[in-house]
Amino acid sequence: MEAALAHNAGWRLPLLGLMALMAGGLALAGLALGPVEIPPGRVIATLMGQGTPVETAIIWQIRLPRILLGVAVGTALALSGASLQGLLRNPLADPGLIGVTGGASLGAVAVIVLGGLVAGSLPAWLLPWLLPLAAFLGAGIVITFVFALARSAGETSVATLILAGVAVNAIAGAAIGAMVYISTDDQLRDLTFWTMGALGGSGWSLVAAASLLTFATAPVLFRQSRALDLFQLGERAAFHAGLDVEGVKRQIAIATALAVGAVTAAAGPIGFIGLVAPHLARLALGPRHVVLLPASVLLGICLVLAADLAVRLAVPPAEPPIGLATSLIGGPFFLWLLIRTRGRTHA
Amino acid sequence: MIRRLILALTVSLTALPVLAEPSRIVVAGGDLTEIVFALGAGERVVGVDQTSSFPAETAEIAQIGYVRRLSSEGVLSLAPDLVIAAHDAGPDVAMEQLEAAGVTIAKAPAATTAADISEKIRFVGAAIGAAEKAEDMAAAFTEDLAAVTAKTAQLPNKPRLMFILAIRNGAPLIGGSGTSADEMIRLAGGVNVAAEIDGYKPMSQEAILSAAPEVIVMMEQHATRMGGVEEVLSRPEIALTPAGQNARAVTMDGMLLLGFGPRTPAAVAELARALQPEAAKAAGL
């Protein structure tokens, strides 16, 4: 579909390798760079368990969970985005489009604004998990609802799926608006910042939970690469090629909801990664999903880690939200994509 | 580089005599920053949050950002040995990470009335090792506040005030009861016309009209952001109130008016003077 930079098969493996190197390099940079200067030698010593208490706290409690969460966020968003774009045959599809992110946001915002009402009657150990659980549930409920709505007579209509997603997004947006309206000043600020996302606001337990869910669902999506290729021929053609069309839809829906729900719960809604990473990957490596999916994941990880590094190093000791950085990359790219597509249809 | 050297030097110098006093303090909360400076520990402050804008020296100090969205590593990069945090500072994870790195965190009590400010002063004093000085300052504060409010209580008129925090989605956000704006209005000898609403809430145009405020009170920064207080006074729902018709509005620095810091008695006096200049002068304000 896009201009072929390297549709020549010989280039694919080296390019994938290069992306992996980039992701690895960014992860190392994320470990070594930050507002506190720690020389590489000390970073290694700290990893070996010979750091000072401050170095140990910075590397083990702050930077490592951040990088792991960044990898999980990049993987979940880019992989879900690439799968949904393939499944829905819509280049603008991303987890936000079918309402997953909206559902997660509604859950989180509801906890921020209304959580105080129920907090007293809950056990103390549950309180830190309340927001991520609500975000996760919100994502799950929305995707179940959207798929149930789009399913009739044993078939899931892709068009209805997108429309239902748009409608659910509008409803979630309105509900969030209502929450904003009744929120106090403090809550308003909390939820404004939450909706801009952050990798730094989560401790190990939440990061571990989000990563586990992401990496457990990733193989499910990777396995669909041939099915997604067939989907490009149209659903009917895919069906006649012997594909269990409904099964593929169901698996992708569940895996996407789990992964995106988990990372959104931990890091907030981080925009544009799910849209941009697959497009970049397609541009570089062509539309075949067997390379597109891993390439999207690697580029997604690169984008998230680079954005996180940027916000960490921009104005220390303060830190702008990561959503700002990804949207600053994503927004212009999205416009460029629009203009390009328009140019092509008018040509 | 030179800054770093000086920094290292000051650290080692202050570390030489074994002091219990923290030497590198990060403050998250404008009111707390004011107290630290008033206690004479300003030169030990190495980082402040967004709300810390007084005294002017704070502009030279490293900015750690928004108090509820602190970056743990950002704060650690200032190598603090004490973080004095407002009661609502966060996120919790950042606080835990700071504690794991061996930084002492002193979370100040919340002040819901102006009288509670003396508690905050004592708290900060204990945290920075200036308890005695803080005791004196707290006593002086309580005395000042009592003196000022005794005078404002004698003022002949009780003007009907409305505090506008901001204009959100086209509706003015009004300070109701339980807010620091409400407390300041009362202390300055006014009546809050929006006392029946709770917290900062948007108020409908008709409710504002029927509340009939005589004076609009705003934060200077927000009034400027909306294009000046004249712009606010000319909004249709406000233009028809007594305040709008007589073009009466008072703007004050946000931290001074609402910060509940050590300058609160002065802020009360300033507000009272702005409301009824002659009577305030006669009362000795």
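Helices (H or I, at least four residues) and strands (E, at least two) are taken as DSSP runs, numbered from the N terminus. The model is a predicted one, in which local features need pLDDT of at least 70 and side-chain atom pairs count only at pLDDT 80 or more, while totals for chains, interfaces and linings use all residues. Residues are numbered from 1 along each chain as its sequence is written, and chains are lettered from A in the order in which they are written.

In chain A, helix H12 covers residues 273-285. Its 13 residues reach 18 Å from the first C-alpha to the last, close to the expected 18 Å (1.5 Å times one less than the number of residues). Of these 13 residues, 12 are buried, so H12(A) is largely enclosed by the rest of the structure; a residue is buried if 20 or more other C-beta atoms, placed from the backbone, lie within 10 Å of its own. Among the buried residues are Ile273(A), His279(A), Arg282(A) and Leu285(A). Gly286(A), with a positive phi near 85°, follows H12(A).

Chain B contains 15 helices and 11 strands. Of its 285 residues, 49% count as buried. The C-alpha trace of chain B spans about 65 × 40 × 30 Å along its principal axes.

Between the chains, 23 residues of chain A are in contact with 25 residues of chain B, contact being C-beta atoms, placed from the backbone, within 7 Å. On the side of chain A that touches chain B, helices H3 (53-88) and H7 (185-194) each supply at least two residues, and H3(A) gives the most, with 6 residues.

Technical notes. Contact = placed C-beta atoms within 7 Å.
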